[in-house]
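Student: I have a model open and would like to talk it through with someone. Could you walk me through it?

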Amino acid sequence: MAARRALTIGLIPGDGIGKEVIPAGRRVLEALPASLGLKFDFIDLKAGWETFEQTGVALPEETVKTLESCNGGLFGAVSSPTTAVKGYSSPIVALRKRLSLYANVRPVKSVATAAKPIDMVIVRENTEDLYVKEEKTYDTPEGKVAEAIKRISQRASTNIATIAGEIALRRQKIRAAGSPSIHKGPLVTVTHKSNVLSQTDGLFRVSAREALSAEKFSSVKVEEQIVDSMVYKLFRQPEAYDVIVAPNLYGDILSDGAAALVGSLGLVPSANVGNSFAMGEPCHGSAPDIQGQGISNPIATIRSAALMLEFLDEEEAAAKIYAAVDANLEEGRLLTPDLGGNAKTEEVVADILRRL
Ligand code: ATP
Ligand code: MG
């Protein structure tokens with residue numbers, strides 16, 4: 001049977017356990033049932049610390065150019081030197097800029113049997129807010145003062161809220177395609193602090209509400225919550241959230257906090273999303289402490305591959321991968337050591353492939 005759709009995926013393993021988990025993501029994509037009609041072409045690409053040591057550049061131009069011609073990408077992890085090294089800067093930060101990946105999407109999901117089941121996605125704006133890094137320090141008669149610019153635009157706020165609304169609708173489809181969830185209907189919670197920052201967070205709030213009032217989101221329930229009270233509720237009642245949309249800084253903090261609720265970093269995927277490209281990326285780093293032992297948890301990467309597929313409008317394929325991963329975790333027989341088991345990466349991958 002001829003494939004319905006061919007997808008070109010750039011693979012950037014990077015450093016450390018990135019080299020162990022990215023091949024796992026690739027094998028899971030290759031193992032998707034032929035009935036889905038997908039054909040994958042993979043292109044291996046370089047970036048990271050090892051690449052920097054070999055070539056003097058952390059992000060080769062060829063990697064960026066090739067990714068521009070791909071449908072999607074999978075990025076492993078890169079090590080960073082502990083002290084600044086001349087000429088080295090983080091390739092993932094550079095890639096987000098070069099490819100205009102303005103949204104960072106982080107799903108956080110527990111096993112269904114957890115005491116406090118969680119199934120939420122945090123959608124973080126990735127280009128502005130305090131991260132414009134316009135800071136200055138000056139002297140006053142009372143001593144030094146430092147200031148930072150917090151920039152919020154209507155355009156970026158509208159874009160990120162639109163992505164959040166689309167994700168909420170898509171999650172509904174994925175539930176329907178057989179990946180069960182604790183949620184009944186699509187819900188987006190807009191997070192801000194506009195009671196204090198009425199102009200910046202106020203603009204975020206108004207732009208987000210406006211974007212989510214579009215006709216195509218008529219089935220999406222929209223709520224809003226002040227970020228501090230959100231942190232409280234996120235820890236006490238995480239099951240209350242479906243999709244959370246936040247400006248850059250709050251999103252950064254909320255997404256790490258939420259990840260802590262489900263245990264290991266080895267479970268949490270993410271995607272960097274732009275208008276026509278999505279790059280899956282596990283939330284963990286290069287984990288040099290466990291590198292080479294064959295025990296790194298591949299699930300964050302496998303879920304990142306599924307998340308990438310969501311943004312390529314392949315909900316059914318994504319749902320199949322999520323269901324296979326959930327079944328592996330729920331059975332709890334083959335788990336890597338970070339989850340208290342003693343399985344090897346390879347055994348977990350084999351179990352997930354079997355379930356596919
Ligand atoms: P980096 O500087 O690249 O971020 P790091 O030392 O901060 O590396 P992380 O990858 O952030 O390491 O991981 C933090 C801890 O979580 C480490 O102890 C690591 O072993 C563990 N860990 C991270 N990812 C995984 C994984 N996929 N499987 C198992 N353990 C993991
Ligand atoms: Mg780290």
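This is a predicted model: local features need pLDDT of at least 70, side-chain atom pairs count only at pLDDT 80 or more; totals for chains, interfaces and linings use all residues.

Tutor: Residues are numbered from 1 along each chain as its sequence is written, while chains are lettered from A and ligands numbered from 1 in the order in which they are written.

Student: OK, what is the strand order in the open sheet?

Tutor: The order is β2-β1-β3-β12-β11-β4-β5-β10-β8-β9, ten strands with mixed pairing; strands (E, at least two residues) and helices (H or I, at least four) are DSSP runs numbered from the N terminus, and two strands pair if DSSP finds at least two bridges between them.

Student: And which strands stand at the edges?

Tutor: Those are β2 (38-44) and β9 (221-226), and because each has a single partner strand, one side of each is left without a neighbour in the sheet.

Student: How does β1 pair with β2?

Tutor: Strand β1, residues 5-14, pairs with β2 in the parallel sense over seven bridges, with Gly10 bridged to Ile43 of β2.

Student: What about β1 and β3?

Tutor: They also run parallel, joined by five bridges, and the partner of Gly10 in β3 is Gly73.

Student: Switching to β11 and β12, is their pairing parallel or antiparallel?

Tutor: Strands β11 (271-273) and β12 (278-280) are antiparallel over three bridges, one of them linking Ala271 with Gly280 of β12. Helix α9 (residues 299-311) packs on the sheet and touches β3, β4, β11 and β12, where contact requires C-beta atoms, placed from the backbone, within 7 Å.

Student: Last topic, which residues come nearest to ligand 1?

Tutor: Of the 18 residues around ligand 1, the nearest are Gly266, His284, Gly285, Ser286 and Asn297, a residue being near if its C-beta atom, placed from the backbone, lies within 6 Å.

Note on methods: Two residues are in contact if their C-beta atoms, placed from the backbone, lie within 7 Å. Axes are lines fitted to C-alpha atoms, for helices over the stretch in contact, and angles run from 0 to 180 degrees between N-to-C directions.
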